[in-house]
Structure formats: C-alpha cells, structure tokens
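Have a look at it before reading on.

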Amino acid sequence: MHARKLGFRSSHATFCVAFPLALFAVCNAINIDKLAKWFRMGEGLDIIGLSAYLLAGASLSVAFFVVIAHRRTVKPLAILLTVLSATATYFIAKYDVAVDTSMIMNVVNTDSTEVGGLLSLHMLPYVVLLIIAPAITILAGEIAFEASGRYLLTSAKIFATAFIVAIAALYLNYNAVIRAGNVSNKYIVYSLVPINVISGGINAAWKAAKPWFTSHTHAELRATVASPGDLVVVLAIGESSRRRNFSLYGYSRKDTNPALRRVDGLQLLDGIAKRGSTLDALPEILEKSGAKLPALVAAAGIPTACYVNYTLYDNCNGVGEAKATGCGHAGKCYDEDVIPMLRDNIESYSTGQRLVVLHLGGGSHGPIYKDRYPPEFRRFLPICDDADVANQCSREQLYNSYDNTILYVDHVVNGILRTLDDSGAPYVFIYLSDHGESLLDGGRMFHGMPPGMALPPEQAQIPLIVRSSVPISIVRRAAYTQPDVYDTVLELLSVETPLFDTRGSFIRRASSLAGG
Ligand SMILES: [Zn+2]
C-alpha cells in the first residue's frame, strides 16, 4: 500500500543483529592489520584465534546494542554509535591510538581548540562514508517493533544467544586470545570497534559518576609546618616536552635551549614519567593517596596558588586555579602568560613560605605543534601545519615544528627564573614535563599507551630542571620519578604529614643538612 518508502524495512530483531554486525565489520576491516599482527604465530597468522576473537567482539556488539535498542532509542543510539565508532576508526587508522577510558575522558575534558587541532581534511572520507551515509540510511529506514512484551522477549533471546556465542568463542580459544591480549597489553581491546568505545564510555561514565556515590569527605588533609622558614617553592609543570630534544640534555640537531644555556646553577636531572596522558600524569606529580599537593600545603597554612595555561583539571582543588586571560598575542594565551601572575604573587612577598604551581599546559602538545608557541617562535623552518603529521609532514618538518616548542619552553622557563631572580625572594624552582612525546619513534606518534603498558623511552624520559637562590644539595639518583617531586616539595616547605616519604625527596636545603 505505502510504496513511497525509500529506505529499508526491517523488523526490530533483524536490525538489532544486522546493524551492529555491519558496523563491526566495516570499522574493523579498515584496521584489521593493526589487530591481526597481535595474532601472529611464528611466521604465520593464527587464523582460528583471530576469527574467534572477532566473532566474540561481533557477538558482544550485538548483545550490547539489543539492550539499548528500543522503539524511541533505536535510531538515535544507532547513529550515535556510528559517529563514535567512525571517529575511533579514523584515529586508530591514522595514529594507532588506543581508545580506552582515559582517552575518552581526555576527549570529554579537552577544550575545543585541542579537538579542533585533531581534525583534519583527511577525516572527510571517513565522515562521508562512515557517518553521513549510514546515518541517512538509518533515518530513512523503518524499523518495526512488536508489542512491548513480545519485542522485549525477542531482545532477551538475541542477547542470550549473542552472549553465549561470545563466551564460547573466547573460551574455546582461551590461549590464543590471552596471548594476544598479553602481548599487545590489551591493545586488541582498545582497537576493536565498537567494543573499545562502549567499554571506554561505560568506564568513563562510571569514573565521572563515582564521586556522587562515594562519600564527599575526602582524605583528611593533616599537615603542619615543622620549622617555618623563608622560601618560595615554584613548581612548573610542562606538557609533552621530551627530554631528548633539550639541548641542555645533549640534543644537537638544533639549539633548542639558547636562553637556559646561559643560566648558571641549573640542575639537570633525569626525570621519568609513568603515564602517557595528561589526565593520568598530573596526579602522578600532584596527588598522593587522594591528597592533592596544593591543598595539602595550603592545609599546613602555607599560602598556595596555581596559575595555569590550559588546566590542571582537579589537581588544584581546594586552592583553585587561576587561568591566564587577556593575553598579549591578540588575546590568545601561551605558556608565558602565567609569568605575570607569578610576578604579581611574588611582589607581595616579604617573609615566610609559599607554593606556586605553574601549569605550562601548551608545552609541546601535538598534533599541530605550532599552535603551542607564538608566531615569533617559528624559528626552525620549514614546519608542518597538518594534523595528519604521520603522513603529510617530512621528518625535518615534524622535528622543526616540535623543536620550536622546546625553544619556547626554554624561553618561558628562562622568563620564570628571571622573574624569580628579580623579585629577590628566596626560592627553589622545579620544572618537569608531564610526559614526553613520540615523533614517529618506532612508528609511534604523540603520547599515551594502554594502562599497564610501560611508556616507550621517548615518552618516559622527561626533563627535570632545578634551580634555587638558596643553598641546596641534590640527592643523586640515576632517575627521579614524578611522585618524588611531591615529597620534595613537602620537604622543602618542611610540611609534616603522614603522606611524606623521605625516600622520595631529592632536594635538601643546606640548613637541614647542617642540622643532620
Ligand atoms: Zn600531557
């Protein structure tokens, strides 16, 4: 009768099976090589293991979708899942990223300029073929539901069948899947669309909702000052700036540290980062047992401030972060714009102790490195503007783009030190990066590894630079971890708290040495 319909007609049951299977097949076909390589066996491919894994993934996709597909939700949620899956597929194809909880939380928390930086014209075919075409198809189609009781019964049957198939596929090939999971450190999960999107999304939602379910009283901040002195501790935290591109540490392709090279008394230590995402790395430096360092120091009665370009997320909770605004480059802020805030703070200093945390959040973050430094720091040329750095930039362009960020870090850190020297305040200054960066080292790009997987050296090795205007000694170690910085700040400010671990602290004030 109604022959005007252009789209498909489908029963609820057929759609709930066909849609997730089609989505799964198309998205994973594009990146099948990245998944298959973990199922190598000797010279060949473990076809049975890989097939079982894919079957399990496809079945779980169906099981998940049938749970959320109801009369009013089926189309919007199918389109949402399509958009998320297509986006994940694009980033896996282009950047080999692992789509996990922290990645999804980073996307949700990231500001719009950062997201804009990730977009590229190369996304266009993905948008047209993997988002627009399927979305139109879904919208134009007609999905017929039976009466409530009957369609829910059908859904339950589909769910049970899909779930049993998934478990059976995994169980019968337990060895192959566990091996691939271990070798890849769960990358086989983080790269399997839409399983990665679904599990990452559920975990991220749970993490975000958890505070509402747990008690609001956080770890009690018990801290006192043992021996009040006169000292300003300035802790500057950088972003994605890797140690191996600092000339101070021996980099020779370009001189990336012309300013700091002329500064005397710098302590150049070998810092080690453990987590490859800002969201995970900042608490490595600023949190212990749930106690944020700025809040803990403030609880001891020491005036504390956080000045940020970008954000420290919740790591300055209890104190509150002040963001750089009204910046000199036509309103666009760069890391140098936290310096005037530091200057204003120090101007009022006469005696006592202070902690200032500076977040140099622009740092050396990709993919468009030139957005992180003002135009006058485009000194090493030619550089590259494309977000698709892995394919569109020469190695020289990539390195120039990145090395300019280190040149700018050099300028900003030097500016901070000059400000501190000019103030005449007694200070200890510590700079470190949250993590390093991969620049096609071993084919890797940017930063971030799945949880539990050690960072590759270029992401783990970070600069840790110390300078002071008061006599100090450095506890010499082969490497310094980020939690060591937490202990060091506590010791410098002689904050007494059960959280302090003397083994971590690596800077001793000369007076405390004399006192034994
Ligand atoms: Zn970061």
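This is a predicted model: local features need pLDDT of at least 70, side-chain atom pairs count only at pLDDT 80 or more; totals for chains, interfaces and linings use all residues.

Residues are numbered from 1 along each chain as its sequence is written.

The protein splits into domain 1 (9-213) and domain 2 (224-514), with bounds from an automatic or database domain assignment. Taken over C-alpha atoms, their centres sit 38 Å apart.

Now for the inside. A nonpolar core is a set of buried Ala, Val, Leu, Ile, Met, Phe, Trp, Tyr and Cys residues joined through C-beta atoms within 7 Å. Buried means 20 or more other C-beta atoms within 10 Å of a residue's own, exposed means 12 or fewer, and partly exposed is in between, with C-beta atoms placed from the backbone. The largest core has 131 residues, and Val-233, Phe-429 and Leu-493 are among those with the most contacts inside it. Its largest share, eleven residues, comes from helix 3 (residues 47-68); helices are DSSP runs of H or I, at least four residues, numbered from the N terminus. Another core, of nine residues, lies apart from it and includes Ile-368 and Tyr-402.

Ile-79 lies in helix 4 (residues 74-95). It counts as partly exposed because it has 16 C-beta neighbours inside 10 Å.

| Residue | In contact with |
|---|---|
| Ile-79 | Ala-135 and Ile-138 |
| Leu-493 | Val-225, Leu-231, Val-233, Val-297, Ile-302, Gln-353 and Leu-355 |

Notes: Helices (H or I, at least four residues) and strands (E, at least two) are DSSP runs, numbered from the N terminus. Two residues are in contact if their C-beta atoms, placed from the backbone, lie within 7 Å. Lists of a residue's contacts leave out its neighbours within four places in sequence.
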